[in-house]
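Dear colleague,

Please find the structure below, with the sequence. My notes on it follow directly after.

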Amino acid sequence: MVRSTSVLVLVLVLVLMLVHPAILQCVTGDDANMKFTEDNRLQLLDSEMQFSLELLQKVNSLHPSENIFLSPSSVYNALLLAYFVSANHTEASMKQALYLPENQDKLDTIGAYQLEKYYQKLRAFKNSLNYQLSSANRMFISNEQNVRPCMMRLFNDEIEIADFTNNLTATVGRINSWVSGETRNNINDLLSSDSLTSNTNLVLVNAAYFRGLWKNQFSPSDTKETEFKTANGTNVPVMMMSIESEFSHLLEEKLEADVLELPYEGDNISLFILMPLDPSPTAIQVLLNKTDANILRDIINRTYTISNQVSVAIPKFSSDQSLELTPVLESMGIGDLFESSADLSTLTGAPGLRLDSVIHKAKITVDEEGTEASAATAIFANRFAVNSFIANRPFVYFLLEKKLNMILFVGVFNSPET
């Protein structure tokens with residue numbers, strides 16, 4: 001029998017506009033002295049997790065009663081590209097906002113980024129029979145700009161020259177075509193004809209894709225309509241999938257939340273659902289405010305040793321969303337990245353580039369077959385939640401690459417979409 005899969009995709013686009021020119025400069029005094037160390041890579045992944053949790057907290061605070069879905073990992077990688085082309089005060093503010101270690105300079109971070117990109121390709125090849133996971137970055141740069149040779153050398157895979165002045169329509173189509181290919185034809189028209197102008201000089205694009213089958217698949221015959229209680233107390237109908245099997249299921253006392261892990265085939269990627277014990281309207285935000293990197297790593301570590309028979313029921317749902325991330329990133333202290341005072345001169349040696357807009361689109365489908373989109377604390381080691389997990393009220397979900405503690409996609413499910 002041929003099994004279909006669901007799709008989860010995300011695209012993030014950063015559009016930068018030219019303001020005025022200036023002089024050349026290098027990334028560091030010696031670009032050839034790049035270090036590809038495992039410590040730097042692990043520190044970068046830790047920084048990404050801290051950023052990811054803060055991003056989710058900020059987005060939820062702005063949309064407290066809505067369903068949310070986004071990829072912090074994709075946002076982070078796109079912003080890393082902006083950091084790599086930044087300089088002076090903008091570089092300093094971005095380094096802090098991205099939680100990058102003080103003891104690492106930009107070249108160290110570029111080395112960590114390149115090393116992780118290499119490992120991603122290895123993991124994708126190794127796990128290609130179990131699931132599909134990919135993430136890619138592109139910098140579409142105006143052919144009227146003189147990209148510095150050192151940047152061409154460092155980002156040969158990411159940089160593409162484009163004509164925004166004389167052939168804008170074709171350039172928009174070219175970017176959309178790249179996005180469509182990276183997302184397996186799930187997002188085909190990311191940019192409209194008026195998304196860019198002849199003044200556009202740089203477009204940073206990140207596209208992410210995941211497709212996987214549940215390790216323990218739900219049977220469609222067990223999917224039934226039931227009631228879902230929203231945060232305001234209203235009961236609404238939802239199609240609920242059910243299964244009874246071995247899962248990691250625990251009670252996280254620090255978060256006062258019921259936690260369930262649903263692994264995908266291959267056991268490297270899992271969907272973690274965190275459901276507050278408190279059903280109050282503010283419960284989700286309270287949970288997110290309490291969730292830090294240490295607690296999340298602890299939850300992940302504990303699931304390696306916890307397995308019990310659990311009766312599970314979760315909604316069958318899909319979400320197709322666009323988010324305006326500019327105000328969110330500004331509230332996270334990203335600095336003057338969106339102002340005319342931004343200094344992004346490392347790319348061409350001409351200060352004046354600034355981030356003009358952030359377009360973030362995400363799509364997820366969760367059904368019976370799957371989804372196509374730190375130390376453990378001893379006191380909790382033997383504390384299990386009850387032997388049923390019924391997600392019939394708002395919850396938070398994380399799509400995690402467990403071994404790396406990497407948050408690939410996150411969401412808040414507040415209500416079935418009608």
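H1 and H7 are roughly antiparallel to each other (angles over 145 degrees count as such), since their axes cross at roughly 160° because angles here run from 0 to 180 degrees between N-to-C directions. The two axes come within 9 Å; each axis is a line fitted to C-alpha atoms, for helices over the stretch in contact. H1 passes H7 in a left-handed crossing, meaning that the near helix is turned anticlockwise from the far one by less than a right angle. On the H1 side Leu-56, Gln-57, Asn-60 and Ser-61 take part, and they meet Ile-284, Gln-285, Leu-288 and Asn-289 in H7. By class, these residues are three nonpolar, five polar and no charged. Nonpolar covers Ala, Val, Leu, Ile, Met, Phe, Trp, Tyr, Cys and Pro, charged covers Asp, Glu, Lys and Arg, and the others, Gly among them, are polar.

The model is a predicted one, in which local features need pLDDT of at least 70 and side-chain atom pairs count only at pLDDT 80 or more, while totals for chains, interfaces and linings use all residues. Residues are numbered from 1 along each chain as its sequence is written, and side-chain values use heavy atoms, with hydrogens and water left out.

The chain has nine helices and 16 strands. These are DSSP runs numbered from the N terminus, with helices (H or I) of at least four residues and strands (E) of at least two. Of its 418 residues, 58% count as buried, where buried is under 20% relative accessible area, exposed is over 50% and partly exposed is in between (1.4 Å probe, protein chains only).

Leaving aside neighbours within four places in sequence, Ile-407 is in contact (heavy atoms within 4.5 Å) with ten residues listed here: Glu-48, Met-49, Ser-52, Leu-53, Pro-72, Ser-73, Leu-296, Phe-398, Leu-399 and Leu-400. In the loop between E15 and E16 lies Asn-405, buried at 16% relative accessibility. Phi of Asn-405 is near 55°, a positive value in a residue other than glycine. Most residues other than glycine have a negative phi.

Tyr-99, in the loop between H3 and H4, also has a positive phi, near 60°. Tyr-99 is partly exposed, with a relative accessible area of 31%.

The axes of H2 (residues 72-84) and H3 (residues 88-97) come within 9 Å and cross at roughly 150°, so H2 and H3 are roughly antiparallel to each other. Leu-79, Ala-82 and Tyr-83 of H2 make the contact with Glu-91, Met-94 and Lys-95 of H3. This contact has four nonpolar, no polar and two charged residues.

Tyr-83 is also among the contacts of Thr-109, together with Leu-44, Leu-80, Phe-84, Leu-100 and Gln-104, neighbours within four places in sequence left aside. Thr-109 is found in H4 (residues 106-126) and is buried, at 1% relative accessibility.

Regards

Key:
Angles under 35 degrees count as roughly parallel, over 145 as roughly antiparallel, 65 to 115 as roughly perpendicular and the rest as oblique.
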